[in-house]
Number of protein chains: 2
Amino acid sequence: MDAAPHTTTPTFHGQLGRAWERSGSMLCVGLDPLPDRLPAGTGSSTADVLAFLLDIVAATADLACAFKPQVAHFAALGAEAELERLCRTIRTDHPDVTLLLDAKRGDIGTTAERYAVEAFDRYHAHAVTVNPYLGTDAARPFLERGGVVALCRTSNPGAAELQSLEVDGVPLYLRVADMVATRWSAHGDCALVVGATAPSELGEVRARVGDLPILVPGIGAQGGDLAASVAAGVTTAGTGLLLSSSRAILYASDGPDFATAARAEAERTRHAIRAATPA
Amino acid sequence: MDAAPHTTTPTFHGQLGRAWERSGSMLCVGLDPLPDRLPAGTGSSTADVLAFLLDIVAATADLACAFKPQVAHFAALGAEAELERLCRTIRTDHPDVTLLLDAKRGDIGTTAERYAVEAFDRYHAHAVTVNPYLGTDAARPFLERGGVVALCRTSNPGAAELQSLEVDGVPLYLRVADMVATRWSAHGDCALVVGATAPSELGEVRARVGDLPILVPGIGAQGGDLAASVAAGVTTAGTGLLLSSSRAILYASDGPDFATAARAEAERTRHAIRAATPA
């Protein structure tokens, strides 16, 4: 029997393990609403944005292990109430799908506690993305409340500028991976972010962090290498990854068939992930 | 004649220079509403929080070069509409005071553009705090729209964990200072964050970045050393710093005299900053 959402809270890793198993998928669907990319005929109000996203969620939920709403896209629209509603619907209608709040928070003491309230009480996320620059004590208020997905090696073109600086011969992103896999993990359930644009770095990270889950953005519109990422990051259990695609799925069609097209793109991506995963 | 707010936008550095000159103050008042710290008799609704903050702003505006609302404290309460109203009031009623949105954003490409919309269009900030971990390309969408205040050496106990790792004999926070002072500054007006809990690091940063403004949190409730921070960070012009105190001012009294007490604490802090500044 399923645990009812909101009443009992499994650990992030427990929840994610169940999501991988039930969905048979390592696809994470990113929910990044851009007003000028909505399908023709969709209005531009925040209610229209919510309706669009609820259609996407309904069309793809059985194909995904996780949904990942990105808060900037809601904040820019003043659509926090709609984000609350979206998260509540995901938790209620799809209790076996992991809900990641992509917020890239990072702040100290009391302020981190307030961000944890936002992520876990307001939006009911299973885990939240966090920036590692402030160190372990800044992550603790999140770790004591839920899962933390720490930036390690991001997918942007300039990611290497700081992240690949060498500290005693080891690039900074591997120092971050070590910090999260040891000190952060002592306080709660963690995962890492490594972009699909950097599959060799993903392989290095996997080699250091055991079975720690890794969120891999950049496989869709950003052009990251899906097959190389799966090969580099999959665990011996054939899981361990959340391969995240946002725009390629959300905006697969700009016509009235957007939900069908989103489902087809999600299906195609799930299949490509499976094909790249060793049996 | 003053430029009308919202119609013309001076650069962040130009605005801040005017704020220092007109206020004769390097005090930055942080606006971090904590529901359980509000004065006795204040209600707990988001409207009550807004009314409290508007009283604080009115009581301290002539003593400060900047106000710094911290978004986590509004996000945890679902008080984004109240934050919009607070920011609008600061810009309209106190056009010579700099408005910093303390959000510590950090994300890539399209997402950074959406966070810039949030900071500059929705909240009308002059500048926004940004985490440096993602590098220069992630900062550009902010720099093209307004000021950026980059985390360099934060005030939390574990700040040194990553920030003091040595890269070719230079601690990471100085590499960040260099990156912001050169590459980021080529795209717009920057500042840095260095906590008052680390005055010797503040002196090292000042020695590398010329007159770049430095936001110094931690002088109030966090117990940072105000006099040592001023001595280490002030420029030859006798400015260059934003010394930020939040809780010590906001919660100077928990009685009905909270606004008078906040003003007295702000006055005391401004005086202590002046006393520590070389003539």
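**Predicted two-chain assembly and its interface**

In the predicted model, chain A has a mean pLDDT of 95, and 97% of its residues reach 70 or more. An exception is found at residues 1-7 of chain A, over which pLDDT stays under 50; for this segment the model has 12 contacts beyond four places in sequence. For the complex, the predictor gives an ipTM of 0.95 and a pTM of 0.96.

The extent of the interface was considered next. Chain A contributes 56 residues to the contact, and chain B likewise contributes 56 residues. About 4,400 Å² is buried between chain A and chain B, with carbon and sulfur atoms giving 56% of this area. On the side of chain A, the residues that lose the most area to chain B are A:Arg114, A:Tyr133 and A:Leu162, which together account for 19% of what that side buries.

Between chain A and chain B, 27 residue pairs are in polar contact, with both members at pLDDT 80 or more. The elements of chain A that each supply at least two residues to the side touching chain B are helix 3 (71-75), strand 3 (98-105), helix 5 (109-122), helix 6 (136-143), strand 5 (147-153), helix 7 (160-163), strand 6 (166-167) and helix 8 (172-184). Of these, helix 5 of chain A gives the most, with seven residues. By class, the side of chain A that touches chain B comprises 26 nonpolar, 15 polar and 15 charged residues. Six salt bridges are counted between chain A and chain B. One of the salt bridges joins A:Asp107 to B:Lys104, with the closest N and O atoms 2.8 Å apart.

Over all chains, the structure holds 32 salt bridges. Within chain A, a salt bridge links the side chains of A:Arg263 and A:Asp62, at 2.8 Å from N to O. A:Arg263 belongs to helix 12 (residues 258-276) of chain A, whereas A:Asp62 is located in the loop between helix 2 (46-60) and strand 2 (66-69) of chain A. The pair therefore ties together parts that are 201 residues apart in sequence.

Key:
Residues numbered from 1 in each chain as written. Chains lettered and ligands numbered in written order. Heavy atoms only, no water. Contact = heavy atoms within 4.5 Å. Buried area = accessible area lost by both parts, 1.4 Å probe. Salt bridge = Lys/Arg side-chain N within 4 Å of Asp/Glu carboxyl O. Polar contact = N/O pair within 3.5 Å; in protein donor to acceptor, adjacent residues only side chain to side chain. Helix = DSSP H or I, 4+ residues; strand = E, 2+ residues; numbered from the N terminus. Nonpolar A, V, L, I, M, F, W, Y, C, P; charged D, E, K, R; others polar. pLDDT = per-residue confidence, 0-100.
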